[in-house]
Amino acid sequence: MRRGVACGVITRDSGEGDIAVRGDLRTGTFCGGESMTIQEIVNKHGNDREHLLAILHDVQDGSPDNSLHKEAIETLSHIMDITVADIVGTASFYTMFSLQPRGRHIVRLCESPPCYIAGEENILAALEKRLGVKVGETTADGVFTLETTSCLGACGVAPVMMVDDEVYGHLTESEAVRIIETIAASAAA
Ligand code: FES
């Protein structure tokens, strides 16, 4: 049961996992979709340890800043009877999870050898220039976080970049920038 869930605020009003995971912590104004409580996410997948990764994905996807918040992890720990240290350890192991706030869109450029040889370095420089940030940083407007990653499993179309869940192959510097421009335009609309 969801209680006291307000747009723009992560709230917890009981010890039963009623924590909203969608809202804009930066502006407090965002409420773009259906909020799911942690309890609802766990119910969707099941309470077993084997579902933790899928649950963490959903929790992070629902976060306004693409990260796993301390409060969310504590609530998950309570519901699933898994220690906070265990959840943090799991989340820290996988690069797709972040314990730090990130932008609305995550740009991941593959830096493994096949992509590196195909020109990753120049594409990274072009992305850093367009976004005005270095790897690991978030743009001032909170729209993009730039990351590098190991192989995305699409080496056949190297060099490869992933933005959120979308994979882009055979990249060039100009194409990478064009993709960013398109997403930035729709984010501003
Ligand atoms: S090395 Fe880049 S996708 Fe595999």
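1. Leu109 stands opposite Thr148 in strand 2. The bridge partner of His105 in strand 2 is Phe144. Strand 1 (105-110) and strand 2 (144-149) run parallel and pair over six bridges. Strands here are DSSP E runs of at least two residues, helices are H or I runs of at least four, and both are numbered from the N terminus. Two strands count as paired if DSSP finds at least two bridges between them.

2. A word on the basis. This is a predicted model: local features need pLDDT of at least 70, side-chain atom pairs count only at pLDDT 80 or more, and totals for chains, interfaces and linings use all residues. Residues are numbered from 1 along each chain as its sequence is written.

3. The overall layout. The protein chain has six helices and four strands. From the N terminus their order is α-α-α-α-β-α-β-β-β-α. Of its 189 residues, 31% count as buried. A residue is buried if 20 or more other C-beta atoms lie within 10 Å of its own, exposed if 12 or fewer, and partly exposed in between, with C-beta atoms placed from the backbone. Among contacts between residues at least 6 apart in sequence, 52% join residues at least 24 apart. Contact requires C-beta atoms, placed from the backbone, within 7 Å.

4. Four strands form an open sheet in the order 2-1-3-4, with mixed pairing. Strand 2 and strand 4 (166-168) are the edges, each pairing on one side only. Neighbouring strands are turned by 20° against each other on average, direction ignored. Helix 5 packs on this sheet and touches strand 1 and strand 2. The direction of helix 5 makes about 150° with that of strand 1. Angles run from 0 to 180 degrees between N-to-C directions, and axes are lines fitted to C-alpha atoms, for helices over the stretch in contact.

5. Which way do the side chains of strand 1 point? His105, Val107 and Leu109 point one way, and Ile106, Arg108 and Cys110 the other way. In a regular strand the side chains alternate between the two faces of the sheet. Strand 1 is mostly covered: six of its six residues are buried.

6. The largest nonpolar core has 18 residues. Such a core is a set of buried Ala, Val, Leu, Ile, Met, Phe, Trp, Tyr and Cys residues joined through C-beta atoms within 7 Å. Val107, Leu109, Ile123, Leu127, Val160, Met161 and Ala176 touch the most other members. Strand 1, helix 5 (113-131), strand 2 and helix 6 (173-188) each give two or more residues. Helix 5 supplies the largest share, six residues. Leaving aside neighbours within four places in sequence, Ala176 is in contact with Ile123, Ala126, Leu127, Met161 and Leu171. A second, separate core of 15 residues includes Ile55, Ile79, Met80 and Ala91.

7. How do helix 5 and helix 6 cross? Their axes come within 9 Å, at roughly 35°. The crossing is right-handed, a term used if the near helix is turned clockwise from the far one by less than a right angle. Helix 5 contributes Asn122, Ile123, Ala126, Leu127, Arg130 and Leu131 to the contact. Helix 6 contributes Glu173, Ala176, Val177 and Ile180. These residues divide into seven nonpolar, one polar and two charged. Here Ala, Val, Leu, Ile, Met, Phe, Trp, Tyr, Cys and Pro count as nonpolar, Asp, Glu, Lys and Arg as charged, and the others, Gly among them, as polar.

8. Ala187 lies in helix 6. Ala187 and His105 are 82 residues apart in sequence, but 9.3 Å apart in space, C-alpha to C-alpha. Beyond neighbours within four places in sequence, Ala187 is in contact with Arg104 and Val143. Ala187 is partly exposed because 14 other C-beta atoms lie within 10 Å.

9. Backbone points to check. Most residues other than glycine have a negative phi, and most peptide bonds are trans. A cis peptide bond joins Ala158 and Pro159, with omega about 0°. Pro159 lies in the loop between strand 2 and strand 3 (161-163). Asn66, not a glycine, has a positive phi of about 55°. Asn66 sits in the loop between helix 2 (52-62) and helix 3 (70-80).

10. Asp164 also has a positive phi, about 55°, and is not a glycine. The loop between strand 3 and strand 4 holds Asp164. Are these two residues buried or partly exposed? Asn66 has 22 other C-beta atoms within 10 Å, so Asn66 is buried. Asp164 has 13 C-beta neighbours inside 10 Å, so Asp164 counts as partly exposed.

Definitions and conventions: Two residues are in contact if their C-beta atoms, placed from the backbone, lie within 7 Å.
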